[in-house]
Amino acid sequence: MLSVERVCVRRGNSATLQDVSLSLAPGRTLAVVGESGAGKSTLIGAVLGLVPCTSGAVSWNGAPVRHCRPALVMQEPRSAFNPALSLHCSVMEPLTATGTRADPDRLAALCQGLEITPDLLARRPGQVSVGQAQRVGILRALIAAPPLVLFDEPLSALDAVTQKHTARLIAALQREAGFAALIVTHDLGYAAAFADDIAVLRAGRIEELTPARAFVEAPQTDYGRRLRDAAFALGALERVA
Amino acid sequence: MRSVGCLALILMALALLGPVLAPHDPTQINIPQRLSPPGPDWWLGTDAMGRDILSRLLHGARWSLGLAFLISVAGLLIGTLAGLVAALGGKLADWVVMRTTDTFLAFPELVAAVVIAGLLGAGTGSLIFALTVTGWMRYARVARAIGLSLGTRGYVVQGRLAGLSPLAIARWHYLPSLMPSLAVVWTGMFARAILGISALGFLGFGVQPPLPEWGTMLLDARIHMRSTPLQMIWPGLAVVVCVLAINLAGDALRDALGGEDVHR
Amino acid sequence: MRTVAGLVLRAVVVLTGTALATFSLLWHAPGDPALAIAEARYAAIPPAEVVELIRAEAGLDAGFWPAFLGWITPLLQGDFGQSMVTGRDIWPELLTAFSYTVPLALAGLMIGLGLSLPLAYAATRRPGGWRDRSAVALASIGAAIPAYWLGLLLILLFAVQLGWLPAMGARSPAHVILPALTLGLGVAAALTRILRSGILEARNQPFLPAIQRRGVASRDIARDHIAPHAAIPVVTVFGLELAFLLEGAVMVEVIFARPGLGSFLVSAIETRDFPKVQAVVMLTAVLFVTVNLVTDLIYRRLDPRIADRHA
């Protein structure tokens with residue numbers, strides 16, 4: 001169980017996160033939506049311990065989050081891989097770091113689920129498409145079976161067709177593995193379709209935290225309503241309904 | 001670019017094969033033949049003790065180029081290590097390493113090397129020490145600067161999340177990205193080491209006679225400048241050709257890698 | 001202002017480090033300094049009592065930290081102490097040496113600028129043309145020629161073969177010509193490269209064509225847009241060239257048997273006259289660190305981005 005309690009992050013004189021509280025149970029998906037600059041990436045950093053919290057606490061089952069070895073899927077899939085190493089090397093990193101050996105069956109099952117062929121893993125990041133790289137990024141995130149996986153705009157670098165496909169793959173894998181997923185995105189359509197709950201982040205504060213279906217039907221705040229209506233106008237929400 | 005590479009290769013081959021190619025014993029004293037002009041027996045003439053200058057030059061390549069290689073590689077290892085510690089070791093480590101680097105840079109490198117080698121006493125050991133101690137700072141600065149810029153790269157963050165040790169991160173994620181720039185710095189430092197070795201030899205603080213080192217040879221030749229000026233030309237020319245070839249190779253390497261001008 | 005104070009503090013830390021490094025080098029250098037002094041003074045192997053007397057007199061028996069403090073305290077008050085060998089005050093000797101090195105370095109710098117400015121300008125008229133390529137080739141060759149060899153060649157040509165110029169010593173103003181030329185040619189080689197790339201970079205700024213098309217006079221463009229940009233590498237160069245001049249001066253003074261800081265240093269090392277070595281080292285370090293500090297500050301004025309980057 002991930003719990004974020006009254007977390008504040010300050011950089012210089014400006015607060016990038018203020019009084020943020022969340023909780024996330026295993027098997028559940030929480031989507032944090034908001035416009036750019038709202039503090040979404042800082043939230044990910046704070047949860048992973050990459051950004052120090054000025055006050056407040058982040059924990060997983062009462063222990064520091066780092067102890068559960070959380071995984072992160074990044075926005076720019078290709079820069080998430082060392083260009084000098086083969087994808088296989090990078091994928092195995094979470095295992096080699098702890099000295100565990102890869103279970104070939106599990107690797108094969110994950111690869112099949114993510115539609116990754118073995119020869120794809122032998123290539124370097126520069127030799128694959130962005131969509132392929134993102135699927136390998138998800139493979140790396142899941143290889144060590146982490147209880148918590150964070151997704152930082154996992155779809156925004158992909159084209160529309162690949163986006164839909166990748167989103168479905170993530171959801172399917174989550175149903176199987178049962179990890180808790182924290183998805184940060186500006187795509188309300190994606191959040192509404194795949195998340196259990198939606199948190200609206202605005203200028204470092206959580207404006208509202210509602211179940212996804214309830215949010216689509218009736219946002220509780222003006223800002224949430226504006227976000228939803230904008231998504232409707234763009235046609236992003238229609239595919240849910 | 002190719003011709004530069006060939007020239008550098010030829011020089012390396014000369015340094016390795018010098019002793020095999022040399023027609024005479026470089027330390028064989030032959031007083032009756034002293035200061036002879038170039039001729040069929042002595043292609044470049046003989047020095048004040050009748051030793052064959054060509055043979056001394058060829059043997060000397062091993063000292064000048066070999067020691068310069070050793071010194072520049074030692075500097076590379078020390079400097080890279082220092083730079084990585086500064087980039088990965090947190091704020092305090094960074095401050096300590098960078099102020100140490102500044103301290104070593106608070107003095108022209110060659111002058112510092114002269115002071116160190118001179119005070120430690122003439123000899124090859126103190127020469128190596130002096131030039132290594134004064135020759136690691138550029139590597140450290142470059143390694144740190146690139147290292148700091150790598151700290152926020154996606155794959156470095158992933159490595160940290162995966163729980164890799166700082167050592168493993170340095171080895172797998174930092175070194176490959178550092179290599180090209182460090183290689184360019186290395187060519188510059190290799191050339192500087194050649195100049196430094198011969199300068200210290202010329203001042204009498206470096207490799208000691210009768211070992212044939214180019215700077216020491218120049219020091220010997222200087223006394224006989226009036227009678228046999230040619231004797232003075234050869235060792236200097238050897239230094240110039242080597243330094244030029246290595247610098248040009250470094251320029252070519254830098255252009256090939258598309259990096260910035262980091263040396264000099 | 002905070003960064004200025006930070007830079008000054010950094011300079012102080014660096015100088016303290018230099019003082020410590022120099023002193024510990026002298027302290028740990030092989031051989032007994034007291035014995036070395038005694039030998040230098042009396043030109044014979046002295047009896048043990050004399051050596052011990054000298055050791056106590058020079059404060060060498062007190063241990064590292066007391067000896068270090070005993071040296072640094074008067075130094076901070078501007079007292080460089082006395083030579084161990086001659087017993088005379090070091091400061092006047094150092095000033096004399098300085099008065100020989102400064103004209104040499106200035107003349108070298110002038111020659112370097114006088115050669116490299118036209119060369120770099122001619123090279124950048126048409127980048128990649130024959131002038132450019134020959135200037136780059138000349139600079140590359142010049143950078144590979146060690147000062148001591150160049151000095152010997154100049155002596156060979158102008159003093160030995162042609163007999164036009166005096167070579168050894170510093171008796172007349174003409175004596176400065178060959179040493180200054182030796183230094184200046186080396187400076188010119190380094191400067192040409194840096195000036196050339198500086199001018200090229202300044203000319204290639206992306207906004208210049210737009211200004212040109214608006215009809216601004218080319219002289220105004222050169223003054224307002226190219227010169228300030230090209231000034232940045234020039235400032236860097238002065239920091240670098242000081243190092244080059246000092247290194248060069250050491251070698252050149254030895255070759256030309258010329259008095260000055262370089263020969264002062266080399267003779268102090270050879271006689272193991274520790275206070276003298278310390279004095280030259282500290283003076284050079286202060287000079288060097290100050291110049292670097294000043295170039296750093298000018299740099300920040302010329303290019304505010306640098307200040308931001310380092311903040």
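Let me start with B:Asp255, which is found in helix H10 of chain B, the helix that covers residues 230-257. Everything I describe here comes from a predicted model, so please keep that in mind as we go. B:Asp255 counts as exposed, because there are 11 other C-beta atoms within 10 Å, and the cut-off for that label is 12 or fewer. If you look for B:Val184, you will see that it lies 71 residues from B:Asp255 in sequence, yet the two are 9.8 Å apart in space, C-alpha to C-alpha.

Staying with chain B, what does its secondary structure consist of? The count comes to 10 helices and zero strands, so that, reading from the N terminus on, the elements run α-α-α-α-α-α-α-α-α-α. Along its principal axes, the C-alpha trace of this chain spans about 75 × 45 × 25 Å. Of the 264 residues in chain B, 53% are buried, and when we take the contacts in the chain with a separation of 6 or more, 69% of them join residues 24 or more positions apart.

As general background, nonpolar side chains tend to be buried together in soluble globular proteins.

Now let me turn to how the chains meet. Which chains share the most contacts? Of the two pairs of chains in contact, the answer is chains B and C. Their contact takes 38 residues from chain C and 36 residues from chain B. On the side of chain C that touches chain B, the elements that each supply at least two residues include helix H1 (2-28), helix H8 (177-203) and helix H12 (274-302) of chain C, and H1(C) gives the largest share, nine residues. By type, the residues on that side of chain C divide into 31 nonpolar, five polar and two charged.

The other contact, between chains A and B, takes 13 residues from chain B and 18 residues from chain A. On the chain B side, helix H7 (154-162) and helix H8 (166-203) of chain B are the elements that give two or more residues, and H7(B) gives the most, with seven residues. That side of chain B divides into seven nonpolar residues, five polar and one charged. Chain A and chain C, by contrast, do not touch, and their nearest C-alpha atoms are 13 Å apart.

Let me move on to chain A, where six strands form an open sheet with mixed pairing, in the order S5-S6-S7-S3-S8-S9. Its edge strands are S5 (71-73) and S9 (205-211) of chain A, each of which pairs on one side only, and the twist averages 20° from one strand to the next. Within the sheet, strand S6 (148-152) and strand S7 (180-185) of chain A pair in the parallel sense over five bridges, and here A:Phe151 stands opposite A:Ile183 in S7(A). Helix H1 of chain A, residues 40-48, packs on the sheet and touches S3, S5, S6, S7 and S8 of chain A, with its direction making about 155° with that of S6(A).

As for confidence, chain A averages a pLDDT of 84, with 96% of the residues scoring at least 70. Among the elements of chain A, S6(A) has the highest mean pLDDT, 91, while helix H9 (222-234) has the lowest, 80.

I will finish with two backbone details. Most residues other than glycine have a negative phi. A:Glu115, however, has a positive phi of about 55° although it is not a glycine, and its place is in the loop between helix H3 (104-113) and helix H4 (118-121) of chain A. In chain C, phi of C:Ala257 is near 45°, again a positive value in a residue other than glycine, and this residue is in the loop between helix H10 (218-255) and helix H11 (261-270) of chain C. Are these residues buried or exposed? A:Glu115 is exposed, because 12 other C-beta atoms lie within 10 Å, and C:Ala257 is exposed with 12 such atoms within 10 Å.

Definitions and conventions
Residues are numbered from 1 along each chain as its sequence is written. Chains are lettered from A and ligands numbered from 1 in the order in which they are written. Two residues are in contact if their C-beta atoms, placed from the backbone, lie within 7 Å. Helices (H or I, at least four residues) and strands (E, at least two) are DSSP runs, numbered from the N terminus. Ala, Val, Leu, Ile, Met, Phe, Trp, Tyr, Cys and Pro count as nonpolar, Asp, Glu, Lys and Arg as charged, and the others, Gly among them, as polar. A residue is buried if 20 or more other C-beta atoms lie within 10 Å of its own, exposed if 12 or fewer, and partly exposed in between; C-beta atoms are placed from the backbone. Two strands pair if DSSP finds at least two bridges between them. Axes are lines fitted to C-alpha atoms, for helices over the stretch in contact, and angles run from 0 to 180 degrees between N-to-C directions. pLDDT is the predictor's confidence in each residue, from 0 to 100.
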